[in-house]
Amino acid sequence: MILKHGSVPDSLGHGVVIPLVKNADGNRFVTDNYRGITISPVISKMFESLLMLLFDDKLTSDPLQFGFKQTSSCNHALFTLRTVVHHHVADNSTVNICALDISKAFDRVDHFALLQLLMDRNVPRAFIDILLNWLMKSYVCVRWCGTLSFWYRINAGVRQGGILSPVLFAVYMDTDCEA
């Protein structure tokens with residue numbers, strides 16, 4: 001029914017954010033020393049797994065994008081970097097490297113830009129309708145010392161710990177991929 005109507009139950013979009021201390025020896029009064037993890041309903045993770053099975057072929061990214069893939073890791077990216085640098089140094093060429101820190105990048109994904117990228121890839125309308133509906137129903141509250149905050153809407157980002165989140169983030173970052 002969800003696929004047919006493009007609408008998810010409101011509760012699928014709800015999550016509880018739990019702030020975790022990054023550095024136990026660090027300053028607990030500084031917000032940068034915390035990372036928020038969203039606890040989502042188990043049923044939403046099951047539904048995300050189903051969506052992955054149905055639409056996985058449309059959610060691919062460039063083979064040289066190593067992040068968030070089952071068959072690659074940081075070691076693959078480092079091997080590729082070393083190989084390219086070694087090749088150019090062996091030819092007496094200058095090598096310039098630029099590294100970007102995209103910390104908190106999952107939190108900064110623009111929902112509408114992501115949906116546009118999915119449309120540009122000709123992802124089936126059923127998936128886009130479901131994702132749009134789901135994103136519009138994304139609300140979280142924060143649990144701190146056993147107390148829940150008020151609920152607020154999430155306007156950007158993909159959830160840490162979500163089944164689809166790494167794949168959607170890879171699609172978002174892979175704007176030049178022809179799927």
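Student: How far apart are the mean positions of the positive and negative charges of the chain?

Tutor: Counting Lys and Arg as positive and Asp and Glu as negative, with His and the chain ends not counted, and placing each charge at NZ of Lys, CZ of Arg, CG of Asp or CD of Glu, the mean positions of the 16 positive and 16 negative charges are 9 Å apart. Please keep in mind that this is a predicted model, in which local features need pLDDT of at least 70, side-chain atom pairs count only at pLDDT 80 or more, and totals for chains, interfaces and linings use all residues. Residues are numbered from 1 along each chain as its sequence is written, and side-chain values use heavy atoms, with hydrogens and water left out.

Student: Which order do the elements of the chain follow from the N terminus on?

Tutor: Helices (H or I, at least four residues) and strands (E, at least two) are DSSP runs, numbered from the N terminus. Here the chain has 6 helices and 5 strands, and their order is α-β-β-α-α-α-α-β-β-β-α. Along the principal axes, the C-alpha atoms fill a box of roughly 60 × 50 × 25 Å.

Student: How much space lies in the largest pocket, and which element gives the largest share of its lining?

Tutor: Rolling a probe the size of a water molecule over the atoms shows where empty space is left. On a 1 Å grid over the protein atoms alone, a pocket is an open set of points where a 1.4 Å probe fits, with protein on both sides within 12 Å along at least five of seven lines, and lining residues have an atom within 4 Å of a point. Grid points are joined across faces, edges and corners, and a volume is the space filled by probe spheres set on the points. In this model the largest pocket holds about 940 Å³, and of the 36 residues that line it, Val 17, Gly 36, Thr 38, Asp 107 and Gln 160 are the closest to its centre. The elements that each give two or more residues to this lining are β1 (14–21), β2 (34–39), α2 (42–55), α5 (125–136), β3 (139–144) and α6 (165–173), and β2 supplies the largest share, with 4 residues.

Student: How many residues of α6 are buried, and what covers them?

Tutor: A residue is buried under 20% relative accessible area, exposed over 50%, and partly exposed in between (1.4 Å probe, protein chains only). By that rule 32% of the 179 residues in the chain are buried, whereas in α6 the count is 7 of 9, including Leu 168, Phe 169 and Tyr 172. Their cover includes α2, α4 (111–120) and α5.

Student: Is Asn 133 buried or exposed, and which residues does Asn 133 touch?

Tutor: Asn 133, in helix α5, counts as buried because its relative accessible area is 18%. With contact taken as heavy atoms within 4.5 Å, Asn 133 touches Gly 6, Ser 7 and Val 8, leaving aside residues up to four places away in sequence.

Student: Where is Lys 69 found?

Tutor: Lys 69 lies in the loop between α2 and α3 (74–90), and because its relative accessibility is 24%, Lys 69 counts as partly exposed. Leaving aside residues up to four places away in sequence, Lys 69 touches Ser 61, Asp 62 and Pro 63.

Student: What is the phi of Asn 92, and what is the phi of Cys 145?

Tutor: Phi of Asn 92 is near 60 degrees, a positive value in a residue other than glycine, and Cys 145, also not a glycine, has a positive phi of about 55 degrees. Asn 92 is in the loop between α3 and α4, and Cys 145 is in the loop between β3 and β4 (147–148). Asn 92 counts as exposed at 74% relative accessibility, and Cys 145 counts as exposed at 70%.
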